Amino acid sequence: MIIWIFYTAAFLFCTYGFFFVLDNHIRLFHAQETISIQGDAFVIDCIKSFMRRHKSIPLSSIRRVEHYDGSRGSSLTVPDTLRVYYGRHSRYRFAINMTYSDSSQLAKEIMKFVHK
């Protein structure tokens, strides 16, 4: 009986891992993002991904926005993105597959809203 519980738990864990990896692949290479400022929050919606993602970050907690090329500690190749640092130790990647100049302009615009 206990062995079946172990097998079921292992199956569920592997299934979750598969869907997590699939969602990350779809998000990085096929999904679309909508970035907006709503009130006093920076909002990122990722549509057309397997698990629809929504992130809302208070503008007052944003510390910096910088380019992220996936080379720092990542063994997988990911497209260039921006990374927003907020709170004490939180970070979030967005602006997937934008050109370097467009993402630089976007980072500057976000920081203008933060400093207002």
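Predicted model: local features only at pLDDT ≥ 70, side-chain atom pairs only at ≥ 80, totals over all residues.
**A first walk through the model**

Visitor: What radius of gyration does the protein have, against that of a compact globule?
Guide: The C-alpha trace spans about 60 × 25 × 25 Å along its principal axes. A compact globule of 116 residues would come near 13 Å in radius of gyration. The protein has 17 Å.

Visitor: How far does helix α1 reach from its first C-alpha to its last?
Guide: Helix α1 runs over residues 2-29, which is 28 residues. At 1.5 Å a residue, 40 Å is expected. The reach is close to that, at 41 Å.

Visitor: Which strands are among those that cover the buried residues of α1?
Guide: Start with the residues themselves. In α1, Asp23, Ile26, Arg27 and Leu28 are buried. Their cover includes β1 (32-38), β2 (41-47), β3 (53-58) and β6 (90-94).

Visitor: What share of the protein's accessible surface belongs to carbon and sulfur atoms?
Guide: Of the 116 residues, 34% count as buried, meaning under 20% relative accessible area. The accessible surface comes to about 8000 Å². The share of carbon and sulfur atoms in that surface is 62%.

Visitor: How far apart are the mean positions of the positive and negative charges?
Guide: The protein carries 15 positive charges and 9 negative ones. Each set has its mean position.

Definitions and conventions:
Residues numbered from 1 in each chain as written. Heavy atoms only, no water. Rg over C-alpha atoms; globule rule 2.2 N^0.38 Å. Buried < 20%, exposed > 50% of the residue type's maximum accessible area, 1.4 Å probe, protein only. Areas by Shrake-Rupley, 256 points an atom, 1.4 Å probe, with all protein chains shown as cover. Lys, Arg positive; Asp, Glu negative; His and termini not counted. Charge placed at Lys NZ, Arg CZ, Asp CG, Glu CD. Helix = DSSP H or I, 4+ residues; strand = E, 2+ residues; numbered from the N terminus. Expected span 1.5 Å × (residues − 1). Contact = heavy atoms within 4.5 Å.
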